[in-house]
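Trainee: Can you walk me through this one? I'd like to start with the rings and then move on.

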Amino acid sequence: MTEPHDAAAPAAQAAPGVPGAPAAPAAAAAPTPVVRASVATDLALVATFAAFVAVCAVLPAIPTGGAVPITLQTFGVVLTGLVLGPRRGALALLLYVAVGLAGLPVFSGAVGGLGVLAGPSAGYLLAFPAAAAVAGGLGLLARRAAPRWRVPALFGAAVAATLLTVHPLGIAVLGWRLGLAPSEAVAAGAVFLPGDLMKNALAAVVAAAAIRAFPDLLRGR
């Protein structure tokens, strides 16, 4: 006996362009344009937030009576991490630091160049990429919180980032450059804690609003 033939099989193999031929499977479409768009978006966001941190840095600082004034830099740093995620946040701050060390006046006080590394605030500056990465990593966890707990969770991520990175390295370099004892360096660095808490709270509120408004554009990376 001969096996029965499936009449639909030849039709399924019809050449493209023949009337009545089935369309090619959607999975066969190449995703290259989407990848390009994603990379372009990431680059644009990294550059935009690096510029945003620069603007926060050059705004008028608040004198503290010490060697390091209070600026909006840390607000920009933690907001960048919370919004962009750990990888893009760290890249944005690396770009900001690199541009400043190359000579552009994007650091606090509208200064730039390698000479800033000899100043007492160098530790705070060098900690910024790590702070953005930590804020971004913890921020990804905070985004999973229920909506009513999201802002407190983002605030906790911002506080942890500054306490684990910015303050330890900043205080260490501050004490070294000024010849302070450890207790004196900690006391000098403690001046920034109240202001940082307020900036972290503001960053959490702004980040929650940005994530809610642009959930696809600002997906964590």
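**Aromatic pairs and a buried threonine**

Mentor: There are 4 aromatic pairs in the structure. Rings of Phe, Tyr and Trp (its six-membered ring) pair if their centres lie within 6.5 Å; planes under 30 degrees apart count as stacked, over 60 as edge-to-face and the rest as tilted. This is a predicted model: local features need pLDDT of at least 70, side-chain atom pairs count only at pLDDT 80 or more, and totals for chains, interfaces and linings use all residues. Residues are numbered from 1 along each chain as its sequence is written, and side-chain values use heavy atoms, with hydrogens and water left out.

Trainee: Why is the pair Phe 52 and Phe 75 edge-to-face?

Mentor: Because the ring planes of Phe 52 and Phe 75 are at 65°, with the centres 6.1 Å apart. The pair links distant parts of the chain, 23 residues apart: Phe 52 is in helix 2 (residues 32-58) and Phe 75 in helix 3 (residues 73-84). Helices here are DSSP runs (H or I, at least four residues), numbered from the N terminus.

Trainee: Which rings are in the cluster?

Mentor: Phe 49, Phe 52 and Phe 75, linked by ring pairs.

Trainee: Is Phe 75 buried or exposed?

Mentor: Buried, at 9% relative accessible area, while Phe 52 is partly exposed at 27%. Buried means under 20%, exposed over 50%, partly exposed in between (1.4 Å probe, protein chains only).

Trainee: New topic. Where does Thr 162 lie?

Mentor: In helix 6 (residues 147-178). Thr 162 is buried, with a relative accessible area of 3%.

Key:
Helices (H or I, at least four residues) and strands (E, at least two) are DSSP runs, numbered from the N terminus.
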